[in-house]
Amino acid sequence: MSSIHFLAAFILIVLPARSEDFSILLIITLIIPGLISLFVWFRTGYKIINEKIIIIYGPMKFKVNIHDIQRLHYLKSPFVGPALSVDRIGLTHSKSKFVTISPKDKERFIKELLKINSNIVID
């Protein structure tokens, strides 16, 4: 449970409220963030199409030209990003831009990238 959900649950338990206030507070603090979390969870993925990586992260969509990727490295990171696992691949591309991804089969994904751009450095 995220800290926001924990705080919201604590507030709902501690604050006595009228039933209509409780319903509104419940929707704002628990249901809406929960739905957003589910949307992001089920809409996160990566595709290689026409020498680009399409990164879908909830409502957001990024494109990274594979020929612009300079470096890949394995990392563990709990920070928010378009990766659902803490075991991630960091991509450095076009003028030091950085993004993390976590494809299910990391080795296969990297092999596909190297077929397109064999100049990628892997750390």
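The dialogue below asks why some features of this predicted model carry the labels they do.

Visitor: Why are tyrosine 46 and phenylalanine 109 called an aromatic pair that is edge-to-face?

Guide: Their ring centres are 6.5 Å apart, with 70° between the planes. Centres must lie within 6.5 Å, and planes over 60 degrees apart count as edge-to-face, so both conditions hold.

Visitor: What makes this pair a tie between parts of the chain?

Guide: Tyrosine 46 lies in strand 1 and phenylalanine 109 in helix 3, so the tied parts are 63 residues apart in sequence. Tyrosine 46 and phenylalanine 109 are both buried.

Visitor: Why do aspartate 123 and arginine 71 count as a salt bridge?

Guide: Their closest N and O atoms are 3.0 Å apart. The cut-off is 4 Å, so the pair qualifies. Aspartate 123 follows strand 7 and arginine 71 sits in strand 4, so the pair ties together parts 52 residues apart in sequence.

Visitor: Why is lysine 76 called exposed, but aspartate 87 partly exposed?

Guide: Lysine 76 has 66% relative accessibility. Aspartate 87 has 32%.

Visitor: Why are strand 6 and strand 7 said to stand at the edges?

Guide: The open sheet has the order 6-5-4-7. Strand 6 and strand 7 each have a single partner strand, so one side of each lacks a neighbour in the sheet.

Methods
Residues are numbered from 1 along each chain as its sequence is written. This is a predicted model: local features need pLDDT of at least 70, side-chain atom pairs count only at pLDDT 80 or more; totals for chains, interfaces and linings use all residues. Side-chain values use heavy atoms; hydrogens and water are left out. Two strands pair if DSSP finds at least two bridges between them. Helices (H or I, at least four residues) and strands (E, at least two) are DSSP runs, numbered from the N terminus. Rings of Phe, Tyr and Trp (its six-membered ring) pair if their centres lie within 6.5 Å; planes under 30 degrees apart count as stacked, over 60 as edge-to-face and the rest as tilted. Buried means under 20% relative accessible area, exposed over 50%, partly exposed in between (1.4 Å probe, protein chains only). A salt bridge is a side-chain nitrogen of Lys or Arg within 4 Å of a carboxyl oxygen of Asp or Glu.
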